[in-house]
Amino acid sequence: MSKLTKNQKAVADKVEAGKAYSLQEATELVKEITTTKFDASVDIDVRLGVDPRKANQMVRGVVSLPNGTGKVIRVLALCTPDQEAAAKEAGADYVGLDEYIDKIKGGWTDVDVIITMPSCMGKIGPLGRVLGPRGLMPNPKSGTVTMDVAKAVKEVKQGKIDFKVDKSGIIHTSIGKVSMTPEQLYGNAKEFISTVIKLKPAAAKGTYIKSIFLSSTMSLGVKVDPKTVE
């Protein structure tokens, strides 16, 4: 067995194996045990008691994190000329249509979120092979296909994220950065978990929230007691 480094030992001493912490304690612990020199992301993993293979047990939604994501989100607004000025004013980093569609066909995907209008989806649909695998394809369910492009851009810039359960029944997403205060991380985590609870499918039986873990990039996972957030 390899010997623990000084930092690893200090971290191991702070996290009690098998213990489930309150959400407040977990947000504080994640900051304490993060030793990276960069501003690491804080991630949350929620295991649900659902079968994602069944359409009536799919969990997908959007949430506006009250304290933002802590990240700079690059937004591309693919819209008609009459919406361009409003999209720019709302904070979109790139605004246009045909020229950006051509760039994407050429392999350009240097953005985090793409927002568009229903009338433009006919042109964007063929880009699915490029955008789909990168999680960039606009979707009405995530609020990225809308008539009000400017509003959608503003919400994304302020901390709106979309999420969905994977084939293993786990939702994994980032809720902030280590540089944020424990109170900010707690607020974001609580809002996210509350949203997931509200989305419980009627067809889901038994325990819905099976486990919750908080971690930062390259840190240990901190187990959260679901009862402290329900």
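**Close-up views of a predicted model**

**View 1. Ser 219 and its partners.** Leaving out residues up to four places away in sequence, Ser 219 touches Ile 33 and Thr 34 (contact here means heavy atoms within 4.5 Å). This is a predicted model, in which local features need pLDDT of at least 70 and side-chain atom pairs count only at pLDDT 80 or more, while totals for chains, interfaces and linings use all residues. Residues are numbered from 1 along each chain as its sequence is written, and side-chain values use heavy atoms, with hydrogens and water left out. Ser 219 sits in the loop between S8 and S9; helices (H or I, at least four residues) and strands (E, at least two) are DSSP runs numbered from the N terminus. With a relative accessible area of 19%, Ser 219 counts as buried; buried means under 20% relative accessible area, exposed over 50% and partly exposed in between, with a 1.4 Å probe and protein chains only. Its side chain reaches the backbone nitrogen of Ser 216 at 2.8 Å. A polar contact is a pair of N or O atoms within 3.5 Å; within protein, one must be able to donate a hydrogen and the other to accept it, and residues adjacent in sequence count only if both atoms are side-chain atoms.

**View 2. Met 218, in the loop between S8 and S9.** Take a look at the backbone here: Met 218 has a positive phi of about 70 degrees, although it is not a glycine. Met 218 is exposed, at 75% relative accessible area, whereas Ser 219 is buried.

**View 3. Thr 34, in the loop between H2 and S1.** Thr 34 has a relative accessible area of 14%, so it is buried. The Thr 34 side chain reaches back to the backbone oxygen of Val 30 at 2.6 Å. Not counting residues up to four places away in sequence, Thr 34 touches Ala 40, Val 178, Ser 216 and Ser 219.

**View 4. The largest nonpolar core, with 36 residues.** A nonpolar core is a set of buried Ala, Val, Leu, Ile, Met, Phe, Trp, Tyr and Cys residues joined through side-chain atoms within 4.5 Å. Ile 44, Leu 48, Ile 171, Phe 192, Val 196, Ile 212 and Leu 214 touch the most other members. Two or more residues of this core come from each of helix H2 (23–33), strand S1 (41–48), strand S6 (160–164), strand S7 (170–177), helix H8 (182–198), strand S8 (209–216) and strand S9 (222–224). A second, separate core of 28 residues includes Ala 77, Tyr 100, Trp 108 and Leu 136.

**View 5. Ile 171 and its contacts.** Which residues surround Ile 171 in its list of contacts? Leaving aside neighbours within four places in sequence, Ile 171 is in contact with Ile 44, Asp 45, Val 46, Leu 48, Val 59, Phe 163, Lys 164, Val 165, Phe 192 and Val 196.

**View 6. Ile 104, in helix H4 (residues 98–105).** Is Ile 104 buried or exposed? Its relative accessibility is 1%, so Ile 104 counts as buried. Beyond residues up to four places away in sequence, Ile 104 touches Leu 76, Ile 114, Leu 127, Val 130 and Leu 131.

**View 7. Pro 52, in the loop between S1 and strand S2 (60–64).** Pro 52 is buried, with 15% relative accessible area. Not counting residues up to four places away in sequence, Pro 52 touches Met 58, Val 165, Asp 166, Lys 167 and Gly 169. Val 165 is also on the contact list of Ile 171. The C-alpha atoms of Pro 52 and Met 147, 95 residues apart along the chain, are separated by 30 Å.

**View 8. Asn 139, in the loop between helix H6 (128–131) and helix H7 (149–158).** Asn 139 touches Arg 60, Thr 144 and Val 145, leaving out residues up to four places away in sequence. Asn 139 and Ile 115 are 24 residues apart along the chain, and their C-alpha atoms are separated by 8.6 Å.

**Context for the views.** The protein has eight helices and nine strands, and its C-alpha trace spans about 60 × 45 × 35 Å along its principal axes. Of its 230 residues, 45% are buried. Among contacts between residues at least 6 apart in sequence, 73% join residues at least 24 apart.
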